[in-house]
Amino acid sequence: MKRKGLYFLIALALGGVGAVHAQDAAPAPADSAPSMSSSSYDDRWYIAPTVGGYYNDTDRNTNSRQIYYGLGVGRFISPNASIDIFADRTKRDVDSAVGGGSWSNNSFGVAARFYRGDWNAWRPYLLAGLMGSNHHNRGDQGFSPAAELGVGVSKTITDSSDVRIETGYRYDWDNKSQPAQDGYGDWFLGFSIVSRFGAPPAAPAPEAAPAPAAPDCSTLDSDGDQVNDCDDKCPATPAGTIVGPDGCPQKVVIDLRGVNFKFDYPKKGHVKADEIGKALAEPSADSIAILDQAVDTLQRYPQVKVTVAGYTDSKGTDAYNQSLSERRAQIVYDYLTAHGIDASRLEGPIGHGESDPVDTNDTDAGRARNRRTELQVQQ
């Protein structure tokens with residue numbers, strides 16, 4: 001009987017291995033993976049043929065050791081736990097001193113295994129099981145409760161198969177086979193081949209990378225117009241376009257009307273910026289206020305460049321008026337740079353003499369308006 005059971009178990013094991021190899025040879029889905037991480041698990045059903053040996057309780061009055069064989073069906077219920085329903089059988093020879101004969105046990109139960117470690121490594125586990133043990137001997141034929149505790153190791157060897165080696169202690173509360181005994185504790189050592197059914201599960205989809213954080217528009221200036229993208233109402237403004245605070249094109253006008261000069265001023269050698277008040281027509285404070293407004297405009301629009309040009313009335317020779325217009329342009333140029341306007345933004349100073357009058361030169365008032373400077377914005 002022992003040999004027949006062993007042959008049966010070997011046949012089951014070889015059949016399970018053959019089924020596993022057939023599954024492994026079949027084309028796998030493109031998104032399947034051969035290995036499992038410790039955070040995922042294969043929850044397919046499996047069968048687990050088992051063969052092993054018993055070291056019997058001496059109170060049984062049987063041979064001290066013999067083989068057992070069995071079959072389990074189960075599945076993992078979490079990455080680190082599995083449940084099996086199993087049946088196994090063993091048969092002992094009763095000592096001749098107590099009458100001889102045989103004593104067989106057929107056990108049917110459920111076992112839980114609790115694993116540690118990565119799925120693809122050797123994984124130690126704890127074993128706990130409950131069962132009913134059906135005993136056949138001269139003294140009794142019937143069922144008694146039994147339980148087992150043990151430890152083992154498991155190793156995945158293919159996508160669909162594992163090996164398990166485990167040892168433990170099984171206690172059978174059989175108080176009928178020998179009236180003088182109320183139970184028996186036996187040690188066991190078993191080897192199993194676990195064969196899973198069906199195709200391996202697809203590998204979990206990789207987690208999508210988090211979307212990059214949207215850039216802070218207050219730190220961006222996509223069109224380079226010195227207005228950040230949050231405030232820019234006119235994106236993609238052509239380079240060099242003068243824009244307002246909203247980023248839209250704006251015509252910048254720097255009006256120096258009202259900044260007029262005394263007749264024949266500034267004199268040669270008196271073109272210092274801090275002496276401009278001596279050269280301006282009265283009230284000079286009004287002219288300086290207009291110049292200060294021009295400074296403020298240039299500071300608010302740092303991309304604006306201007307030409308500083310000076311003019312005269314028609315009194316005097318052309319050569320003298322040319323020199324006088326250049327001095328007027330120079331003193332305004334110096335005033336601007338002295339108040340923080342970078343010289344790279346100023347073209348000139350340029351004198352135009354008496355050309356391009358803005359009023360008649362036939363009246364005092366007209367000639368006074370012609371004695372001027374202009375800031376000509378370079379569009």
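The model is predicted. Its eight strands, β1 to β8, close into a barrel with antiparallel pairing. Helix α3 spans residues 284–300, and the two residues treated individually are R170 in strand β7 and V227 in the loop between β8 and α2.

**The barrel**

- The strands of the barrel follow the order β1-β2-β3-β4-β5-β6-β7-β8.
- On average, neighbouring strands of this sheet are turned by 25 degrees against each other, direction ignored.
- Strand β1 (residues 46–55) runs antiparallel to strand β2 (residues 65–78), and 10 bridges join the two.
- Y46 has G74 of β2 as its bridge partner.

- R170 belongs to strand β7, which covers residues 161–172.
- With a relative accessible area of 7%, R170 counts as buried, because the cut-off for a buried residue is under 20%.
- The R170 side chain makes a polar contact with the side chain of Y54 at 2.9 Å, and another with the side chain of E148, also listed at 2.9 Å.
- Apart from residues up to four places away in sequence, R170 touches Y54, F86, D88, S107, M131, A147, E148, Y184, G185, D186 and F188.

**Helix α3**

- Helix α3 contains 17 residues, and the distance from its first C-alpha to its last is 25 Å, close to the 24 Å expected at 1.5 Å a residue.
- Its buried residues are S284, S287, I290, L291, A294, V295, T297 and L298.
- Viewed down the axis of α3, these buried residues fall within an arc of 160 degrees and therefore line one face of the helix.
- In general, an α-helix has 3.6 residues a turn, so residues three or four places apart point the same way.
- The exposed residues A285 and Q293 sit on the face of α3 turned away from its buried side.
- The buried residues of α3 are covered by elements including α2 (276–279), β9 (306–310), α4 (318–338) and β11 (373–377).

**V227, a buried loop residue**

- V227 is located in the loop that lies between β8 (184–196) and α2.
- Although placed in a loop, V227 is buried, with a relative accessible area of 9%.
- In sequence V227 and G244 are 17 residues apart, while in space their C-alpha atoms are 8.4 Å apart.
- Beyond its neighbours within four places in sequence, V227 is in contact with L220, D221, D232, V243, G244, P245, D246 and G247.

Definitions and conventions: Residues are numbered from 1 along each chain as its sequence is written. This is a predicted model: local features need pLDDT of at least 70, side-chain atom pairs count only at pLDDT 80 or more; totals for chains, interfaces and linings use all residues. Side-chain values use heavy atoms; hydrogens and water are left out. Two strands pair if DSSP finds at least two bridges between them. Helices (H or I, at least four residues) and strands (E, at least two) are DSSP runs, numbered from the N terminus. Axes are lines fitted to C-alpha atoms, for helices over the stretch in contact, and angles run from 0 to 180 degrees between N-to-C directions. The expected span of a helix is 1.5 Å times one less than its number of residues. Buried means under 20% relative accessible area, exposed over 50%, partly exposed in between (1.4 Å probe, protein chains only). The arc is that of the directions from the helix axis to the C-beta atoms. Contact means heavy atoms within 4.5 Å. A polar contact is a pair of N or O atoms within 3.5 Å; within protein, one must be able to donate a hydrogen and the other to accept it, and residues adjacent in sequence count only if both atoms are side-chain atoms.
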